[in-house]
Amino acid sequence: MKVTIILSLVFIASISLMLYSAVALVQKKKLFSSAPKDVQAAIIEREHERFKGARVLGWVLIIISLLGIAGAFIFAAVNGVQNHFMLWQFFIRFLLMLYIYKAFDIICFDWLLLTKSHFFQHYYPEIEGCESLEKFGFNRKSQIIKIVVFPFVSLLAAWICTLFVR
């Protein structure tokens with residue numbers, strides 16, 4: 001269980017680094033596809049970097065984030081194979097990792113960062129006053145779909161992992 005919690009924290013840290021890198025460093029409008037529609041419409045494309053090399057640093061950090069996410073799940077699988085996990089043990093591990101992340105996403109990203117703090121407005125002052133920044137749950141449908149799909153994804157990943165257990 002400790003390994004699963006630690007891997008969940010690695011996953012969350014990687015996603016958080018990716019969000020920060022996209023918002024603060026890369027600052028490309030195309031990276032805001034999951035933002036509320038009114039926020040997407042209000043964002044002005046940044047032609048100039050915040051500082052010399054900011055975009056390159058941002059992309060490097062996004063790649064590191066993607067490697068961290070992949071690494072957390074690969075380590076979860078390899079560790080489970082080494083410990084001769086059964087299907088349900090893999091399933092529970094992957095499902096916990098995804099649900100812990102989703103809880104963090106909803107509470108910290110959607111509620112705290114988007115509606116309570118002024119994190120995004122600090123980097124994009126033009127979005128001040130967008131209705132979605134005041135309204136928690138703008139992406140409720142998307143969140144529910146992910147919550148429903150996660151058990152199936154976890155079960156598939158668990159089944160694949162069991163093929164490697166001897």
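Contact here means that heavy atoms lie within 4.5 Å. The model is predicted, and the contacts described below are computed from it.

The chain holds 6 helices and 0 strands. Read from the N terminus, the order of elements is α-α-α-α-α-α. Along the principal axes, the C-alpha atoms occupy a box of roughly 55 × 35 × 25 Å. Of the 166 residues in the chain, 39% are buried. The accessible surface amounts to about 9900 Å². Carbon and sulfur atoms account for 72% of that surface. Among contacts between residues at least 6 apart in sequence, 76% link residues at least 24 apart.

Leu98 belongs to helix H4. Its relative accessible area is 10%. Leu98 therefore counts as buried, the cut-off being under 20%. Neighbours within four places in sequence are set aside in what follows. On that basis, Leu98 is in contact with Phe11, Phe73, Phe150, Val153 and Ser154. Glu134 lies elsewhere: 36 residues separate Leu98 and Glu134 in sequence, and their C-alpha atoms are 27 Å apart in space.

Gln143 sits in helix H6. With a relative accessible area of 5%, Gln143 is buried, because this value falls under the 20% limit. Apart from neighbours within four places in sequence, the contacts of Gln143 are Lys102, Asp105, Ile106 and Asp110. One of these residues, Asp110, also takes part in a polar contact with Gln143. That polar contact joins the two side chains at 2.6 Å.

The largest share, 6 residues, comes from H4. By class, the lining contains 19 nonpolar residues, 5 polar residues and 4 charged residues.

Note on methods: Residues are numbered from 1 along each chain as its sequence is written. This is a predicted model: local features need pLDDT of at least 70, side-chain atom pairs count only at pLDDT 80 or more; totals for chains, interfaces and linings use all residues. Side-chain values use heavy atoms; hydrogens and water are left out. Helices (H or I, at least four residues) and strands (E, at least two) are DSSP runs, numbered from the N terminus. Ala, Val, Leu, Ile, Met, Phe, Trp, Tyr, Cys and Pro count as nonpolar, Asp, Glu, Lys and Arg as charged, and the others, Gly among them, as polar. Buried means under 20% relative accessible area, exposed over 50%, partly exposed in between (1.4 Å probe, protein chains only). A polar contact is a pair of N or O atoms within 3.5 Å; within protein, one must be able to donate a hydrogen and the other to accept it, and residues adjacent in sequence count only if both atoms are side-chain atoms. Accessible areas come from the Shrake-Rupley method with a 1.4 Å probe; for residues, only the protein chains shown count as cover.
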